[in-house]
Every structure is written in structure tokens, then in C-alpha cells.
Amino acid sequence: MKKFSFLFLLLLVFAGCKEDTKEQAVAETKKPAPKPVVKEYGFVLDDFDVVVDTIERGDNFGYILDRHGVDRGKVFEISEKVKDTFNPARITAGKKFLILKAKDSAKTPLHFIYQNDKINYTVLNIGDSISAFKAKKPVSVKRREVSGVVTSSLSEAMQAQGLSNLLVYQLSDIYQWSIDFFKLQKGDQFKMIYHEKYIDDTIFAGVERVEAAVFKHSDRPFYAFNYETDTITGQASFYDEEAKALQSFFLKAPLNYSRISSRYQRRRFHPVQKRWKAHLGTDYAAPTGTPIKTTADGVVIASSYTSGNGNYVKVRHNGKYTTQYLHMSKRNVRNGQTVKQGDVIGFVGSTGLATGPHVCYRFWVNGKQVDPYRQNLPTAKKIEDAKKDDYYAFIEPLKTELDSIPYKNI
């Protein structure tokens with residue numbers, strides 16, 4: 001009987017131990033997982049008291065640091081020691097900044113981080129040891145394919161696909177010499193292969209480049225392939241499936257994306273002077289401040305103001321061609337300045353004899369004003385014959401990929 005009692009007690013002890021072990025195991029599984037260490041701007045932010053703010057209009061570097069306990073003498077010392085890397089006088093309203101402070105009773109500022117743009121930032125070490133360096137957030141590039149169809153405008157077609165407006169400008173830039181974007185038709189279709197940039201794999205940071213595209217306008221496909229023509233400089237241009245350059249000597253229009261409000265015509269009722277007269281230019285309506293681009297390389301022969309033209313710029317491109325841009329709100333070039341195709345020479349306004357914001361674009365051939373849309377303008381050269389085989393081999397898989405992407409339909 002005693003032997004039986006002893007065995008019974010022993011079993012109870014083992015059972016209790018087993019239960020304790022089970023409870024301990026359950027307790028251990030319920031322990032919270034350690035918090036992941038997150039680094040941003042090269043720092044573990046949890047190690048600091050972090051101030052995140054935005055530079056307001058009228059703020060300056062000294063005022064910002066003074067608000068956070070850095071005296072003027074120290075601000076001057078910081079400014080002197082970092083001036084080769086960071087110019088405190090050039091901080092811009094609207095830019096984000098961080099101040100990392102020590103987790104102590106004094107909350108001593110140790111680092112000032114200025115966000116130059118979405119990707120680039122500058123770190124100022126402002127503790128006992130003062131220094132500065134520039135850095136970039138990690139950026140990844142993702143390759144995308146997209147297809148769209150025009151119902152009313154190219155921008156609406158992009159928005160329907162949830163795409164960035166940056167792609168509108170990319171596409172209009174590529175085809176600005178070969179497609180009149182003021183005459184797009186309902187049902188025009190496009191396909192693109194392009195690369196997007198992302199910060200930390202999640203935050204969209206813009207379009208890096210378009211690799212290939214096809215735009216079907218009036219049932220005719222216009223192919224475009226981004227091909228590097230100079231491996232030393234990395235210079236690249238867009239060419240079609242026959243190795244012809246898409247770029248022309250002249251841009252189709254002096255604005256990226258707008259609408260023609262009045263065309264070149266021999267007889268038009270002037271909206272300000274209230275009389276019939278020739279309108280020897282093409283008017284492009286756009287919001288005030290829209291950048292105006294020179295349509296070809298050249299030299300500025302006039303940057304001035306008259307009561308009729310308002311602020312205007314005139315560019316001589318060679319002995320044959322000259323262009324003029326009227327009614328600017330502001331000019332961006334001076335007489336004698338050399339300009340490249342696409343350079344911003346001014347901004348849309350309504351100065352002079354104008355009823356609303358637009359640019360009047362005028363075009364001369366051998367000293368005579370003409371309608372640029374009726375001219376057989378020069379185009380860029382084709383790829384050299386010696387390089388064509390390489391080009392065709394390069395575009396073959398891209399064209400196959402483009403053709404395999406289904407077109408969107410209305």
C-alpha cells in the first residue's frame with residue numbers, strides 16, 4: 001500500500017513538472033517579437049528625439065537652430081565649417097528638415113538633415129564635432145508596361161490607367177516632331193515600356209526613362225526606341241523601326257502640352273483692335289507661367305518689349321529660319337544668348353495686345369513669315385549605315401515585346 005502511494009505521488013510530481021514546462025513554453029511564445037531596427041537617413045531614429053518640420057517662408061538657418069537651442073555663435077561656427085557642402089542661405093521654403101536631439105535632459109541637437117528633394121539630402125553633424133555630407137535615399141527602378149487609348153485627351157487616357165502625368169510629357173516629348181498632339185483623335189492608342197524610380201521600394205520618385213513605345217495615330221503605328229548612339233557619353237535618342245531619327249530640326253510647338261487657340265491666317269478679326277487683319281502667327285493658349293521653349297537651336301536676336309507684342313523673344317536659327325514668341329509674362333533670355341532646342345526662353349502671359357494668356361508663335365523662312373505647319377522642315381539624320389545591324393538587333397526583342405502587349409480599346 002505504501003509502495004502504491006509513493007508511485008502515485010511520483011506520478012503527480014512528474015505531471016506537475018510537465019504542466020509547468022508546457023505553461024513556460026506557451027509563455028515564451030507569447031513574448032513580443034523584438035522591434036525591428038529601422039534606419040532612415042543613415043540613423044536609427046529611435047535613438048534620438050526627432051523633430052520633423054518644414055521650412056516656412058521667411059525662415060533662415062539661424063532662426064531654425066535658435067528655436068531648438070543652438071546659440072548664434074555655434075550657428076556661425078557651423079555655417080563656416082560646412083559652407084563647402086551646404087549653403088545655409090539657400091534653404092528653400094517648403095523643404096522638409098529633421099533635427100535629431102540627444103535623449104537627455106538637455107535635448108542637445110546633434111544632427112540637422114535637409115531634404116534637398118525626394119531623393120537627395122544633406123546631413124549636418126552639429127554636436128561637438130561639426131561636419132556635413134550629401135547622401136541619397138535608396139532608389140530602386142521598376143520596369144513597367146502600359147497600354148492606353150485616347151477618348152478625349154492624352155492626359156485623361158493616362159489618368160484612366162492611374163499613371164503619372166510625367167508620362168504625358170515623356171510621350172509628347174518623344175513624338176513632338178512626328179505627331180501633332182493638337183490633332184489627336186478619339187480611338188488613338190499607345191503602348192509603352194518604361195522605367196519608374198521608387199524610394200525604399202514604395203515611394204514613387206518619377207519616371208527614369210522610356211525604353212520603347214508605339215503610338216497608333218489615325219491607324220498608323222509610330223514606333224520609338226531609345227537607342228544609345230554614343231557609348232562614351234551615354235547620349236541616346238529615339239529612332240523608329242527603320243532607324244530614322246524621330247527628332248527634327250524644329251519642335252512641333254513651343255509649349256509642352258497646350259491647345260491652338262488661333263491658327264495662321266491671312267484675314268482674322270482682331271479681338272483687341274476690333275478690325276480685320278492678317279494673323280501671321282499661331283496662338284497656343286496655356287495658363288500664365290507655362291514655360292515657353294525655343295523650337296530649335298539658335299541665337300537670341302531680340303529680347304524686348306513693345307506695346308503690341310508685349311514681352312517677346314526672337315531667335316535666329318540659321319540663315320534661313322527665324323522664330324518669334326510673343327506676349328510673355330516674363331523673358332528668360334538676353335540678346336546675343338545662344339539657346340538649344342527645348343531651352344525655356346520665357347513664360348506664357350498676356351502682355352501687349354492680348355485678351356488672355358497665350359503665346360503667339362511666328363515663323364520666318366528667308367525673311368518671309370509663313371505657316372510652320374505647312375513647311376517641309378528638315379529632320380535629323382538616320383543612324384549610320386555601319387551601325388544599323390546593331391540597331392536592328394537591339395530593337396528586335398523590344399518590338400516583339402511591344403507588339404505582344406494588347407491595345408486598350410474604348
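Predicted model: local features only at pLDDT ≥ 70, side-chain atom pairs only at ≥ 80, totals over all residues.
**View 1. Strand β3 pairs with β4 through 6 bridges, and the two run antiparallel.** β4 covers residues 96–101. Look for Val51, which sits opposite Ile99 of β4.

**View 2. Zooming out gives an open sheet of 5 strands, ordered β3-β4-β5-β6-β7.** The pairing here is antiparallel. β3 (49–54) and β7 (130–136) are the edge strands with a single partner each, so one side of each has no neighbour in the sheet. On average, and ignoring direction, neighbouring strands are turned by 15° against each other. Helix α3 (residues 72–82) packs on this sheet, where it touches β6 (120–126) and β7. The direction of α3 makes about 55° with that of β7.

**View 3. Gln115 lies in strand β5, which spans residues 109–115.** Is Gln115 buried or exposed? Its relative accessibility is 8%, and buried means under 20%, so Gln115 counts as buried. Its side chain reaches two backbone oxygens: that of Asp117 at 2.4 Å and that of Asn120 at 3.3 Å. Leaving out residues up to four places away in sequence, Gln115 touches Tyr41, Lys95, Lys96, Asn120, Tyr121 and Lys137.

**View 4. Over in strand β16 (residues 282–285), side chains point both ways.** Thr282 and Tyr284 go one way, Asp283 and Ala285 go the other, and all of them are buried. The partner shown is β23 (residues 358–365), running antiparallel to β16 and joined to it by 4 bridges. Within this pair, Tyr284 faces Val359 of β23.

Key
Residues numbered from 1 in each chain as written. Heavy atoms only, no water. Pairing = 2+ DSSP bridges. Axes fitted to C-alpha atoms, helices over the stretch in contact; angles between N-to-C directions. Contact = heavy atoms within 4.5 Å. Buried < 20%, exposed > 50% of the residue type's maximum accessible area, 1.4 Å probe, protein only. Polar contact = N/O pair within 3.5 Å; in protein donor to acceptor, adjacent residues only side chain to side chain.
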